[in-house]
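Subject: Structure for your review

Dear colleague,

Please find the structure below, followed by a short account of what was found in it. I would be grateful if you could read the two side by side.

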Amino acid sequence: MIRWWRRRSLRFRLAAWYGFGGIVLLTAFSVVIYGFVSQRMAQPLDRQLRADFASVREHLSLDSDGRLLWDARPIAPGDTWSWNDPWFEVWDEQGRLVLRLWPLDDARLGQIPFAPVPGWETLTVFNVTPDLRLRVLSAPWHPAGNDDAPSWMLRVMRVHKPAADALNALLLILAISLPVVVALLVLVGYLLTRHWLRPLHDMVAEAERIGAHDIDRRLPVKNPHDELGRLAAVFNGTLDRLAESFATLDRFSADASHELRTPLTTLRSVGEVALQRVRSADEYREVIGSMLEEVQRLQTLVDRLLQLARATGGMPDVHREPTRVDHVVSDCVGELEVLAEERGQHLSLDIDEYRIFTDPVLLRQVLQNLLDNAIKFGPPGSTIEISARATEAWCEISVADEGPGIPQEWRPRVTDRFFRADLARSEGGFGLGLAIAKAYLNVLDGRLEYEARQPHGSVFRILLPRR
């Protein structure tokens with residue numbers, strides 16, 4: 001049953017639940033209405049019965065011989081009783097009928113009221129004929145006026161037929177209208193559900209058409225304010241990011257193929273030229289040296305690609321620990337100071353002493369990439385300023401150079417893989433340093449910011465959380 005239910009469409013299940021809920025609610029409503037109306041319709045009759053009971057008890061008495069008296073006069077067995085007089089019965093303490101006075105012929109009745117429950121006041125209904133219904137009040141009665149003596153039972157009756165007709169009519173109306181209303185509820189619920197879920201059907205149909213070769217398709221958004229519209233918008237946003245990832249992957253594959261092809265082509269060209277004629281040992285040594293340079297360049301590129309792949313893959317081997325930032329910065333400057341001296345550059349330090357909780361190896365790699373770029377693109381004799389400051393929440397490390405800077409139109413792409421401006425190409429870089437730095441900072445919950453330096457130059461800023 002559960003498997004069958006789960007195989008039904010969402011529209012079917014919503015309509016079924018809508019109909020089931022309607023049945024339960026309408027049934028409960030009908031029961032409450034019927035009970036309320038029947039109670040309200042019975043209240044006037046019950047008040048009349050209590051008035052009749054008080055009147056009969058006032059006029060009825062018992063003499064010393066055990067005879068029932070009405071206004072101190074004996075009641076004869078053949079006395080007639082009108083429809084307007086109070087109808088009543090008297091039962092003794094043994095549960096035997098002593099007297100019944102009503103204008104009905106007992107022989108023509110289909111059912112005679114049975115004995116009341118001794119000692120209890122009750123309100124009941126009797127059907128004495130198919131078309132005559134009586135509502136009766138039974139209560140204890142002390143004919144001798146002594147409450148300690150055994151009580152008799154006095155029962156008064158009135159015709160219940162008008163109220164019964166009204167209740168039967170109400171019950172018939174409820175019985176007929178309930179299935180009709182439920183059917184309308186199910187039908188309207190199904191139509192509304194079908195209308196409301198139509199955008200979902202369209203979304204499913206459109207999603208089935210989206211593939212790797214048709215990634216530009218998007219789900220229709222008919223109402224951006226409801227749940228389905230927001231779902232479609234979120235899904236479209238995911239598709240946008242997926243399409244962007246595919247485009248980035250395509251660019252990366254094309255750029256990587258181009259970068260790998262260049263040293264391989266150079267290796268092949270140098271080897272083919274060297275084999276065209278017999279050469280001396282010095283010439284072969286020079287050819288091998290050129291090939292080794294290209295191999296070194298190829299190995300460097302592969303290492304950088306592996307670093308980038310590990311960084312963008314999440315770096316599962318991150319080891320965070322309390323780290324002295326000033327020590328990390330000083331060590332990086334010491335390692336790269338030789339390269340700066342070769343270009344006649346000066347590294348200026350302005351760092352505070354403080355600790356942060358991070359991975360010192362990854363932080364060192366990020367800082368080395370920024371310093372390497374600053375040395376590579378800074379003019380000879382320039383000054384590279386390295387500063388480190390800390391606030392209560394963030395650590396900020398800045399690397400400022402006096403190079404040509406980055407044009408406004410290129411700044412959004414400075415961290416893209418293999419992106420290089422013309423000057424960068426002339427310097428022989430791969431365009432991966434900033435991409436690796438950004439990926440490492442993402443792993444460390446930090447970020448990389450760029451700011452143009454006046455009158456010229458660049459400032460790259462590392463921001464890391466203190467905790």
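Two strands are taken to pair if DSSP finds at least two bridges between them. Please note that this is a predicted model.

With pairing understood in that way, five strands form an open sheet in the order β10-β12-β13-β15-β14, and the pairing is mixed. The edges are held by β10 (346–351) and β14 (447–452); each has a single partner strand, so one side of each is left without a neighbour in the sheet. On average, neighbouring strands of this sheet are turned by 15 degrees against each other, direction ignored.

Within the sheet, β12 (residues 383–390) and β13 (residues 394–400) pair in the antiparallel sense over six bridges. Glu 385 has Ala 400 of β13 as its bridge partner.

Two helices may be considered together with these strands. Helix α8 lies across β12, β13, β14 and β15 (458–465), and runs at about 25 degrees to β13. Helix α10 (residues 433–443) packs on the sheet as well, where it touches β14 and β15; the direction of α10 makes about 135 degrees with that of β14.

Helix α8 (residues 360–377) also packs with helix α7 (residues 325–342), at an angle of about 35 degrees and with the axes 10 Å apart. The crossing of these two helices is right-handed. Residues making the contact include Val 328, Leu 336 and Leu 339 of α7, and Leu 363, Leu 367 and Ile 375 of α8. By class, the contact residues divide into twelve nonpolar, one polar and four charged.

Yours sincerely

Conventions
Residues numbered from 1 in each chain as written. Predicted model: local features only at pLDDT ≥ 70, side-chain atom pairs only at ≥ 80, totals over all residues. Heavy atoms only, no water. Axes fitted to C-alpha atoms, helices over the stretch in contact; angles between N-to-C directions. Helix = DSSP H or I, 4+ residues; strand = E, 2+ residues; numbered from the N terminus. Left-handed = near helix turned anticlockwise from the far one by under 90°. Contact = heavy atoms within 4.5 Å. Nonpolar A, V, L, I, M, F, W, Y, C, P; charged D, E, K, R; others polar.
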